[in-house]
Amino acid sequence: MSPVDRLVQGGRFIASLLREHGGRLVLLFLCLLAPLWLFVELADEVHELEVFYFGDPLLWRAHALAGPALDRFFIFVSAIGYQWGVVPVDIALTIGLLVARRWREATFAGVSLGGSALLNMATKQFFQRNRATLGESIAPAHTLSFPSGHAMGSATLAMVVVLLCWHTRWRWPAAALAALFALTVGASRIYLGVHYPSDILGGWAAGIAWVSGVYLVLYRIRERPWQVRG
């Protein structure tokens, strides 16, 4: 076989691999590698005590929008974005999958959701970043700041729900609602002045990367939650 023929054969083999696994490679990049890269970049800047140029301007702009109606709305969103919404739904989803005897899906949800919470607590302790300080917040928070627990928890739940629904007719409605929920929860923490925007980005990135990693480990790319029998 001539060198040209070998190159042609190699090109065809690579093209066939990309046709068969291209979607999975895109998923791997968008849902694991890109968020992981973003989190590492943000974490490095936080660790070096660098100032993010976009942080304070966004906080001040959000503060300028303050009003009674928005105050009530974002306090509500912030509450359901963690202790009064995300946490109960995390528990109910995992228990519901166990009751339905969907063992692998239950393991996927439980490890993703529980592991995300533990990872968030550990990273907060490691980076020891103080909260944003632009005056007294109407809903003050006194724990550590990076990455945002609200942002990470909502992004984790959103990713779990989207992956469980992906090959059903609810795929796109679930993705749209999940993304809207995570974005709104993140915006509420900036509006309330208790998180820097980099905290929110770090929380989203860490949550998405963690769930994607758990998914790849439990399903080994080939299998998906909705295809597991018995």
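Tyr 215 counts as buried, with a relative accessibility of 5% (buried is under 20% relative accessible area, exposed over 50%, partly exposed in between, using a 1.4 Å probe and protein chains only). Phe 108 is buried too, at 0% relative accessible area. Before going on, a word on the source: this is a predicted model, where local features need pLDDT of at least 70, side-chain atom pairs count only at pLDDT 80 or more, and totals for chains, interfaces and linings use all residues. Residues are numbered from 1 along each chain as its sequence is written, and side-chain values use heavy atoms, with hydrogens and water left out.

## Aromatic pairs

Rings of Phe, Tyr and Trp (for Trp, the six-membered ring) pair if their centres lie within 6.5 Å; planes under 30 degrees apart are stacked, over 60 edge-to-face, and the rest tilted. That rule gives eight aromatic pairs here. Take Phe 73 and Phe 74: their ring centres are 5.0 Å apart and the planes sit at 70°, so this one is edge-to-face. Phe 73 is partly exposed at 41% relative accessible area, while Phe 74 is buried at 12%.

Phe 108 and Tyr 215 also make an edge-to-face pair, since their centres are 6.0 Å apart with planes at 65°. This pair ties together distant parts of the chain, 107 residues apart, with Phe 108 in helix 5 and Tyr 215 in helix 8 (residues 197-219). Helices here are DSSP runs (H or I, at least four residues), numbered from the N terminus. Elsewhere, ring pairs join Phe 39, Phe 126, Phe 127 and Phe 146 into a cluster.

## Helix 4 against helix 5

How do helix 4 and helix 5 pack, in angle and distance? Helix 4 (residues 86-99) and helix 5 (residues 103-127) pack at about 160°, and their axes are 8 Å apart (axes are lines fitted to C-alpha atoms over the stretch in contact, and angles run from 0 to 180 degrees between N-to-C directions). That makes the two helices roughly antiparallel, a label for angles over 145 degrees.

On the helix 4 side, Asp 90, Leu 93, Thr 94, Leu 97 and Leu 98 meet Trp 103, Glu 105, Ala 106, Ala 109, Gly 110 and Leu 113 of helix 5. The residues of this contact split into seven nonpolar, two polar and two charged (Ala, Val, Leu, Ile, Met, Phe, Trp, Tyr, Cys and Pro are nonpolar, Asp, Glu, Lys and Arg charged, the others, Gly among them, polar).

## His 150

His 150 is in helix 6 (residues 149-165) and is buried at 11% relative accessibility. Setting aside neighbours within four places in sequence, His 150 is in contact (heavy atoms within 4.5 Å) with Ser 78, Gly 81, Tyr 82, Gln 83, Val 185 and Arg 189.

Definitions and conventions
Angles under 35 degrees count as roughly parallel, over 145 as roughly antiparallel, 65 to 115 as roughly perpendicular and the rest as oblique.
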